[in-house]
Amino acid sequence: MANAASHGVSSAGCRLYLITPPRIDPAAFRDHLAAALDAGDVACLQLRLKDAAADDIERAAEALMPVCYAHDVAFILNDDAKLAHALGCDGAHLGQTDGDHEGARALLKDSILGITCHASRHLAMEAGELGADYVAFGAFFPTETKDTVHTAGIDLLEWWSEMMEIPCVAIGGITAANCGPLVRAGADFLAVVGAVWNHPDGPAAGVRAMNAAIAAA
Ligand SMILES: Cc1ncc(COP(=O)(O)OP(=O)(O)O)c(N)n1
Ligand SMILES: Cc1ncsc1CCOP(=O)(O)O
Ligand SMILES: [Mg+2]
C-alpha cells in the first residue's frame with residue numbers, strides 16, 4: 001500500500017503541515033510562503049482556496065509549486081483529485097463530500113491521498129482500507145478558519161497511533177501554545193492555517209514557534 005513516507009512526506013516525528021489561507025493573491029503570497037518555508041521544517045503545503053475557479057487555482061499552483069519544490073516541501077491540492085492530477089501536484093486532500101475516494105486513489109496511484117475523517121474511527125478505518133496515505137482528525141480546538149461541525153479528542157489520536165501504521169494529521173485551532181498534547185498523543189502532522197499566516201510577527205515566526213513547540217512536546 002502506498003503511504004505518505006513513500007511519497008516524501010515523512011512522518012518520522014511530528015511535522016508541520018501548512019495550509020494556505022482560503023483566499024490569497026498568488027503573487028504576493030509567494031513571498032510569504034518563501035519566508036515561511038525558509039524558517040524551518042515543513043512537510044507539505046496544502047493549497048486550499050475555497051470557492052475559487054479552477055483557473056485561479058491553476059494560477060496559484062503555478063506560482064506556489066516551484067517555491068515548495070525549491071524547499072523540498074510536498075504540494076497538495078484541496079478538494080479536487082482530478083485537478084491535482086492534471087496540475088501535477090504531489091497529491092490531494094479530500095473531505096467526506098469531495099467526490100469518489102476510490103476513484104481518486106486509482107487516479108493518484110503514485111501520489112499522496114489524504115482524507116478527512118472528522119472524529120470518526122469508522123471513517124478513518126474506511127480511509128485506511130481504501131489506501132489513504134494519511135487520515136485527518138479534527139477540529140481539536142476552536143478555529144476561525146472554518147465552521148466547526150465535528151470536534152475530536154486526544155483519545156482518538158492515541159488510539160489511532162497505537163493501533164495503525166497510517167499517519168494521522170491533527171487539525172483545527174492548533175497553535176504553538178496548545179499543540180503539545182497532540183504531539184504526545186501521536187499526531188504525525190499538525191495542520192495549521194492561522195498559527196502561521198496570522199502570527200503577529202509574520203509567517204516565519206509562526207513556523208519557528210510551531211517547530212519549537214513540536215520539538216519541546
Ligand atoms: C489536513 C486537512 N484536514 C482536514 C481538512 C478539511 O477537509 P474538508 O472536510 O473537505 O473541508 P475543507 O477543507 O474542504 O473546507 C483539510 N482541508 N485538510
Ligand atoms: C480546514 C479545516 N478543517 C477542519 S478545521 C480547519 C481549519 C484549520 O485552520 P486553523 O489552523 O486556522 O484553525
Ligand atoms: Mg474539502
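**Figure 1. Pairing of strands S6 and S7.** Two strands pair if DSSP finds at least two bridges between them. Helices (H or I, at least four residues) and strands (E, at least two) are DSSP runs, numbered from the N terminus. Strand S6 (residues 134-138) and strand S7 (residues 168-171) run parallel and are joined by four bridges. Opposite Val135 stands Cys168 of S7. This is a predicted model, in which local features need pLDDT of at least 70 and side-chain atom pairs count only at pLDDT 80 or more, while totals for chains, interfaces and linings use all residues. Residues are numbered from 1 along each chain as its sequence is written, and chains are lettered from A and ligands numbered from 1 in the order in which they are written.

**Figure 2. The closed barrel of eight strands.** The strands follow the order S1-S2-S3-S4-S5-S6-S7-S8, with parallel pairing. Neighbouring strands of this sheet are turned against each other by 25° on average, direction ignored. Axes here are lines fitted to C-alpha atoms, for helices over the stretch in contact, and angles run from 0 to 180 degrees between N-to-C directions.

Figure 3. S3 and S4 run parallel, joined by three bridges, and Ile76 stands opposite Gly91 in S4. Four bridges join S4 to S5, also in parallel; Ala92 has Leu113 in S5 as its bridge partner. From strand S4 (residues 91-94), Gly91 and His93 point one way and Ala92 and Leu94 the other, and all are buried. A residue is buried if 20 or more other C-beta atoms, placed from the backbone, lie within 10 Å of its own. S5 is largely enclosed by the rest of the structure, because five of its five residues are buried. Ile112, Gly114 and Thr116 cover one side of S5, and Leu113 and Ile115 the other.

**Figure 4. Helices H2 and H6 against the strands.** Helix H2 (residues 54-70) lies across strand S2 (44-47) and strand S3 (74-78), at about 170° to S2. Helix H6 (residues 154-163) lies across S6 and S7, at about 170° to S7. Trp160 is found in helix H6. This residue is buried, with 23 other C-beta atoms within 10 Å. Not counting residues up to four places away in sequence, Trp160 touches Ala124 and Cys168; contact means C-beta atoms, placed from the backbone, within 7 Å.

**Figure 5. The largest nonpolar core.** A nonpolar core is a set of buried Ala, Val, Leu, Ile, Met, Phe, Trp, Tyr and Cys residues joined through C-beta atoms within 7 Å. The largest one has 76 residues, and Val135, Ala170, Leu190 and Met210 have the most contacts inside it. H2 gives the most to this core, with six residues. Leaving aside neighbours within four places in sequence, the contacts of Leu190 include Cys14, Leu16, Ala170, Met210 and Ile214.

Methods
Two residues are in contact if their C-beta atoms, placed from the backbone, lie within 7 Å. A residue is buried if 20 or more other C-beta atoms lie within 10 Å of its own, exposed if 12 or fewer, and partly exposed in between; C-beta atoms are placed from the backbone.
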